[in-house]
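Here is a friendly tour of one model, taking in a helix, a pocket and a single side chain. Have your viewer ready.

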Amino acid sequence: LTLPTVGRIVQLMEMVEQSNQENFSNLVENFKMEMSKLSKLNSEAKDNVKFLSTLERQFKNINQGSLTTIEETLPSLMNGLKLVWIISRHINEDRMGRILKAIGNEIADKVAKTVDIRKIFKGKAEAIESSIALLDSAIKCMERWRTSYSQTRDEINYDTNMDNRWDYANKDLFGRTDYMIEVCKDLKKACTVLTQFFRILGNELKEVIGDSARIDILSEQVKSLVQPLEAVPFDPFSDQSKDVWAQNMSNFTAKVADMEDQTIAEIRRAFKDELKSAEGGFNLLQNISNIKTTEKIEQEMANQGQIILTQYEKDLKKLQDLFQKHKDNPPISKNKPPIAGA
């Protein structure tokens with residue numbers, strides 16, 4: 001529209017109008033009005049690009065960076081948007097609202113893409129601990145989004161020199177990420193439960209019990225706890241599935257309680273019927289003292305001290321009986337003298 005050819009056409013139409021050969025007055029007038037509007041919008045667009053381009057690095061981090069990078073970028077981004085809000089003539093309340101909402105959706109999309117519910121429960125305790133770290137990073141990122149916005153909003157709204165305020169509805173900006181935080185906390189809880197069971201059902205308990213098959217069976221049952229969560233036929237991060245997800249987590253909690261009872265029953269049977277020695281029991285308690293398992297199982301292990309002391313008393317009695325039996329005629333190994341030191 002700014003090409004010389006267009007200008008010559010307009011001039012020609014004006015000349016024709018002046019010669020009264022054709023009535024192009026409305027057409028030329030409308031064209032000039034629309035051209036004026038476009039010029040104004042073009043000026044606004046250039047102005048917006050000028051200001052927002054100063055935040056290009058931050059926007060790129062939000063779009064392409066890791067969750068940790070996004071978390072670290074948000075304070076700088078919000079401070080930059082505050083400056084744009086103060087200086088720009090054209091970034092009004094509606095446009096800033098769209099920018100903020102886009103940031104929130106971008107963060108939510110990043111979390112949903114990074115946290116794969118079908119992968120976070122895979123592997124043993126070490127791998128699941130990595131999943132817990134990932135979930136922590138996702139939670140911190142989304143919480144930082146809210147706190148960074150709230151801090152910037154308060155700075156703007158409490159500034160008496162500023163007429164325009166940030167009064168956006170929290171649901172519009174944080175409805176999606178707030179719900180995703182709760183889901184990530186549920187997933188973290190599930191991962192934590194898995195690692196707690198895997199730790200207690202490890203080699204230390206197998207050594208004391210002497211029958212690893214039963215512990216392996218319990219371990220497989222622990223893995224099955226999260227299978228319903230892995231196989232959900234819906235997006236767990238969508239609040240439209242909120243009620244169904246809550247029911248899944250309720251079922252998971254009930255199964256965890258049942259699994260705790262089974263594990264405690266196995267521990268009790270091990271200490272009562274199959275404990276090989278008091279030393280093994282003491283070693284087990286010492287080994288698991290630094291293992292973070294469920295509170296219920298930790299309490300049960302603490303209650304096994306008396307059983308270990310009883311076993312220790314039995315071990316001492318066996319040694320005493322053995323000494324009394326052979327003290328007058330102790331057994332002598334082959335090729336050994338009848339008197340020590342002879």
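The bend at a residue is the angle between two fitted axes, one for the seven residues ending there and one for the seven starting there. With that in mind, look at α7 in this predicted model: a kink of about 30° is centred on R176. The helix covers residues 170-200, 31 residues in total. From first C-alpha to last it reaches 43 Å, close to the 45 Å expected at 1.5 Å a residue.

**The largest pocket**

Helix α7 also takes part in the lining of the largest pocket, as one of the elements that give two or more residues to it. How much space lies in this pocket? About 390 Å³. Of the 16 lining residues, K124, F198, R199, L201 and G202 are the closest to the pocket's centre. Besides α7, the elements giving two or more residues are α6 (125-157), α8 (203-209) and α9 (212-224). Among the contributors, α9 gives the most, with 4 residues. The lining divides by class as follows.

| Class | Residues in the lining |
|---|---|
| Nonpolar | 4 residues |
| Polar | 3 residues |

**A threonine in α11**

Now move along to T263, which sits in helix α11 (residues 242-274). Is T263 buried or exposed? Its relative accessibility is 1%, so T263 counts as buried, the cut-off being under 20%. A polar atom of the T263 side chain lies 2.9 Å from the backbone oxygen of M259.

Key: Residues are numbered from 1 along each chain as its sequence is written. This is a predicted model: local features need pLDDT of at least 70, side-chain atom pairs count only at pLDDT 80 or more; totals for chains, interfaces and linings use all residues. Side-chain values use heavy atoms; hydrogens and water are left out. The expected span of a helix is 1.5 Å times one less than its number of residues. On a 1 Å grid over the protein atoms alone, a cavity is a set of points where a 1.4 Å probe fits but cannot get out, and a pocket is an open set with protein on both sides within 12 Å along at least five of seven lines; lining residues have an atom within 4 Å of a point. Grid points are joined across faces, edges and corners, and a volume is the space filled by probe spheres set on the points. Ala, Val, Leu, Ile, Met, Phe, Trp, Tyr, Cys and Pro count as nonpolar, Asp, Glu, Lys and Arg as charged, and the others, Gly among them, as polar. Buried means under 20% relative accessible area, exposed over 50%, partly exposed in between (1.4 Å probe, protein chains only). A polar contact is a pair of N or O atoms within 3.5 Å; within protein, one must be able to donate a hydrogen and the other to accept it, and residues adjacent in sequence count only if both atoms are side-chain atoms.
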